[in-house]
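Okay, everyone, thanks for coming. Let me put today's model up on the screen and walk you through it.

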Amino acid sequence: MAGFISQETIDLVLNNTDIVSLIGEYTKLEPRGSDYWGCCPFHSEKTASFHVEPDKRFYYCFGCRAAGNSIKFIMEQEKLSYAESIEFLAKKAGIPIKYEEGYERPVEDKKTKLIDEYISLYERTASMFHYMLTETSQGAAALEYITKRGISMETIKKFKLGYSPADRRWLKKFLLKKNFSERFLDESGLFSRKYPEIAFFSNRLMFPIFNRRGQVVAFGGRKLTSNPDSPKYINSGDLIQYKKGETLYAFHFAKKAIKEAKRVVLCEGYMDCIAYHQCGITYAVAPLGTALTDEQIKMVRPFVNEVLLSFDSDEAGQNATIRAILMLRQNNVTARIIRLKGAKDPAEVMINFGPETLTNFVNGAILDSDFLLSRLGTLYPVDTPEGKTKASLEFFTYIDSLQSYTQKESSLEQLCQAFNLKPEAVRRDFQNREKAHERLKYRQPASDVAPKRIEATAELRSVLAIIADLDKYETIRSEIFPDDFDDFYAKTLLSIIEECYKKNSLNLPEILGHCEDENLANYIASSIASNEYSRDVAESAIHDSLRMIQRKRLSRQRDKIIERIRDFDRVTEDDNEQYKALLKQKLDLDSQLAKK
């Protein structure tokens, strides 16, 4: 017995599940005689060692030795229990579930039932939001905004975009009338934890998030006002039916095109992804408000020869690109970088230049090593010995992520050519580094070394203010990152807050428990206990912190532009145009800084 599901049901599930079609949703399979082969979805490989025998309804990997039937496969891929996996496959095949006589519905099945109920709620809510956007006067401003961004009604319907009403009490009243219980709604993630009658999303353009089966499981919402205190995007947190780190936006729409193109575009967010799809690049997906994860890579890895990265050109976007490159290479996946010229995002390219130009940018994506070397050449004075050394050390991190010795050797040669280095010296430096097992990271500021004593810097005080009002964190986390801080303890503490948030345990005891530095834990406890951060003080400090971060980001961008202007060598007419564009960027940044 499996969770007291009848053997008759189990046999029906196994006999009526096409194991080739099922596994084909997770990795590409090709026939060889009467059997099928593909790259294993359970471990990283480029040579197919995963074997499916349809007659025996069985799979086996000669690489990692994973083996089993369709139930075992779903257990491993979807992280479900045995009983939940039978439920999953039974529903897929339209098979009613029978239980052994005398037994009640098992706990696992109750969890599956609850997941189904919440998916039903989110599907219904998405349909209501879509209606509000497309059919009512309340959604007119949101509809005007999205159509001005070049998004067609056909695309709006495909992605089921919507509008959440400005009245934050309306949604609860609406859903209660539809016979959803108040307790059920309070636990749904659609309402404030502190004020359960208040909707989490209000007066926002809504982006339903679909699971790989095309069901709505969560939402993202973009603000439609210029209120600086309101975050641009807010997103559903992890829910019983949804895990951000295991989901890719638009994967349900893109998976067929990904298989056919053998490539995928990973882009910054909802709007970028939708613009790519509207331009016919339907193999685009996006991580969901988090850094790229191994689970997300595993979703696409079996189907692709390469991953194309399309993140923002600002510092946060560049850092995200570098992290993604290293993760992809560690998973034995080739990475390329899409460079958008003359526009800040794919939607702007689509509006100003048309779909063909965006397609050309995709097809002109450069190899990750070329991107990194070009970037290092602008970060460091590579015409000096010191600059060459620093650039080389950073590039070693990339070489270390490569899984092939041939690739490592080729990349070392590329480094030598790029910065005019002697191969013998570079290889010696790299070998010495490997022997010492040094894991050098991309440029870490001096603040990554813990100071001897904790000082109440403005940055640390702003993070303490977040701890004093943790309910605020969910709304601001998309705007504030550890790399935004120079202060070591502010950076450390914000990383701890994010870790606790992802584990759905964001509270003061958990934060203190994650502090490895006892002095820091005592400092936090003392600051919070002293009540120096009232609600108003905390809110003001958080607001000031966000403004400070925005200024810092703009200043860094401006410094880089100035450096490029100083080093720019104008030879051709195109060079002059590029130089003018850099000057314009600097003036725009000057203007933005003056307003902050």
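Let me start with a question: is Cys500 buried or exposed? Cys500 is buried, with a relative accessible area of 0%. Buried here means under 20% relative accessible area, exposed means over 50%, and partly exposed is in between, with a 1.4 Å probe and protein chains only.

Quick housekeeping. This is a predicted model, where local features need pLDDT of at least 70 and side-chain atom pairs count only at pLDDT 80 or more, while totals for chains, interfaces and linings use all residues. Residues are numbered from 1 along each chain as its sequence is written, and side-chain values use heavy atoms, with hydrogens and water left out.

Staying with cysteines: Cys39 is buried too, at a relative accessible area of 19%.

Now the whole chain. We've got 26 helices and 14 strands; these are DSSP runs, helices being H or I with at least four residues and strands E with at least two, numbered from the N terminus. Of the 596 residues, 48% count as buried.

Last stop, Asn319, which sits in helix H13, residues 315-330. Asn319 counts as buried, at 19% relative accessibility. Leaving out residues up to four places away in sequence, Asn319 touches Arg375 and Asp483, with contact meaning heavy atoms within 4.5 Å.
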